[in-house]
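Here is a short briefing on one protein chain. Look over the sequence and the model first, then read the points below.

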Amino acid sequence: MKKYILGLALLATVAGTLTSCSDDDLSDVSVIKDSQTTENAFDKWLYNNFVTPYNIEIQYRYNDNESDMQYYDVPADSAQSVEMAHIIKYTCVDAYTQAAGMNFTRTYFPKLFSFLGEFEYENNGAMKLGTAEGGKKIRLLGVNHLDTYIHNREYLNEYYMKTIHHEFVHIVNQTKDYPREFDKVTANGYVNDAWSSETYESGYLTRGFITDYSQKEAREDFAEMVSTYVTKTPAEWNALMAQAKTYDATTGKVTSTTGYDALQKKLDICKQYYKESFGIDLDKVRDEVVSREENVVNGKIDLRSLK
C-alpha cells in the first residue's frame, strides 16, 4: 500500500515514475543559489508576475535552508520550474483573482513557494508531496516529474495543485475560523493518525468523508472538502457523491444516504463560510480553476514564455 503525504495534509494513491531533467533553451540557468548568481530572464518574469503584483516569492534555485536534511533532496529542473510557476499563476493565483478579486488573492495567498526536484520518501514507503509552514510557505516537491503529469488533470491535481489549494484553505481559516458546526457533522468519525491504516483507506465516502485523509481531524476535513471541490468538474464531484450512498448489491437500490447527506451538509457549510466571510462564490472559484487546468493539460497555454 502506497501513501502520498502533503506535510500536514493530503495523501493519495498513484504510482510515480522518475523523469530526467529537460533539455531546453533554459538549461544554462543555475539551479544552485550562491552569492554570485546573476538575475536571468526567469527571475525578471517572477518579479513582474509574482513579486510586484502579489508580494509572492518563488524560490526555484536549490537552497539548503529550504530543504529537509532528513531526505536526499535534489534541485528543481530549471525548465520545469518555469512551467510550474506559470501553472501556479494561471490556475491558482489568477483563478482566485478572477473569482474573488485582487485584494483577496494579494492578502491571503501563500507568500513563498520553494521548489525541489524530487518527492521525499518515508521509511514506510510513503511519498511526501509537499509541506507547508506557518500558513505562508509551501515547499512543493517533485517538480522534476511535472512533465510526466502535465497533460493529465487528475495527476496534475493529485501531485501538485490540490496541495496548494488545501494549504490556501488553512491560511484563510487562520484569518477567519470556519464554523464549528462543521465539526459536528461527522464528529465521531475522526480517527487521528489511524486514518492511514488499512481499516480506513476505503469506505470513507459512505462514512461522510471526501478523502481518506479527511478522517484525520475536522480542520483537515474542511481543507480537503474545499480543495477537492474546487479541483473537480461538476460531473466528477457528482460521481463522488454518488459513491457516498450505500446500495443493495442485488437490486442496486439505495439503502442509505448517510454519507451523501453528511458530505452535502459539509459542502453547504463550506460554501456559506466563503460567501459570508469573504463574499466568494465557491462555484465560481471551481469553474475558474477547472477551466484553466483544462487549458493547461490541453496545451493551450504557453508555459515557457518569459515575456
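Over the ring of which residue does the charged end of R292 sit? The ring is that of Y90, and the charged end of R292 is 4.9 Å from its centre. This is a predicted model. The protein chain has 10 helices and eight strands. Of its 307 residues, 54% count as buried.

**Overall contacts**

- Take the contacts in the protein chain between residues at least 6 apart in sequence: 74% of them join residues at least 24 apart.
- A41 is found in helix α1. Its relative accessibility is 43%, so A41 counts as partly exposed.

**Helix α9**

- Helix α9 covers residues 258-278, which is 21 residues. At 1.5 Å a residue it should span 30 Å, and its end C-alpha atoms are 30 Å apart, so the two values agree.
- The buried residues of α9 are G259, A262, L263, K266, L267, I269, C270, Y273, Y274 and F278.
- These residues cover an arc of only 155° around the axis, which puts them on the same side of α9.
- An α-helix has 3.6 residues a turn, so residues three or four places apart point the same way.
- On the other side of α9, T258 and E276 are exposed.
- G279 follows α9 and has a positive phi, near 70°.

**Nonpolar core**

- The largest nonpolar core has 78 residues. Those with the most contacts inside it are I88, F115, Y160 and Y274.
- Helix α2 (residues 78-100) gives the largest share of this core, 11 residues.
- In soluble globular proteins, nonpolar side chains tend to be buried together.
- Y274 is one of the buried residues of α9. Leaving out residues up to four places away in sequence, Y274 touches V169, V172, F222, V226, G279, I280 and L282.
- A85 is in helix α2. Its relative accessible area is 0%, so A85 is buried.
- Leaving out residues up to four places away in sequence, A85 touches F42, W45, L46, F50 and F115. F115 is also among the core residues with the most contacts.
- A85 and Y60 are 25 residues apart in sequence, and their C-alpha atoms are 9.1 Å apart in space.

**Aromatic pairs**

- The structure holds 27 aromatic pairs.
- In one of them, the rings of Y96 and F168 have centres 4.8 Å apart and planes at 80°, so the pair is edge-to-face.
- Y96 lies in helix α2 and F168 in helix α5, so this pair ties together parts that are 72 residues apart in sequence. Both Y96 and F168 are buried.
- W195 and Y213 also form an edge-to-face pair, with 4.9 Å centre to centre and 85° between the planes.
- W195 and Y213 are 18 residues apart, and each lies in the loop between α6 and α7.
- W195 counts as buried, at 6% relative accessibility. Y213 is buried too, with a relative accessible area of 3%.
- One aromatic cluster is formed by Y96, F104, Y108, F109, F113, F168, Y178, F182, F222, Y273, Y274 and F278.

**Charge over a ring**

- R292 and Y90 were the opening case: the charged end of R292 is 4.9 Å from the centre of the Y90 ring.
- K245 lies over the face of Y260, at 4.7 Å from the ring centre.

- N55 is in the loop between α1 (41-54) and β2 (57-59). N55 is exposed, with a relative accessible area of 55%.
- N192 is a residue other than glycine with a positive phi, near 55°. N192 is placed in the loop between α6 and α7.

Definitions and conventions. Residues are numbered from 1 along each chain as its sequence is written. Side-chain values use heavy atoms; hydrogens and water are left out. Helices (H or I, at least four residues) and strands (E, at least two) are DSSP runs, numbered from the N terminus. The expected span of a helix is 1.5 Å times one less than its number of residues. Buried means under 20% relative accessible area, exposed over 50%, partly exposed in between (1.4 Å probe, protein chains only). The arc is that of the directions from the helix axis to the C-beta atoms. A nonpolar core is a set of buried Ala, Val, Leu, Ile, Met, Phe, Trp, Tyr and Cys residues joined through side-chain atoms within 4.5 Å. Contact means heavy atoms within 4.5 Å. Rings of Phe, Tyr and Trp (its six-membered ring) pair if their centres lie within 6.5 Å; planes under 30 degrees apart count as stacked, over 60 as edge-to-face and the rest as tilted. A charge sits over a ring if NZ of Lys or CZ of Arg is within 6 Å of the ring centre and within 35 degrees of the ring normal.
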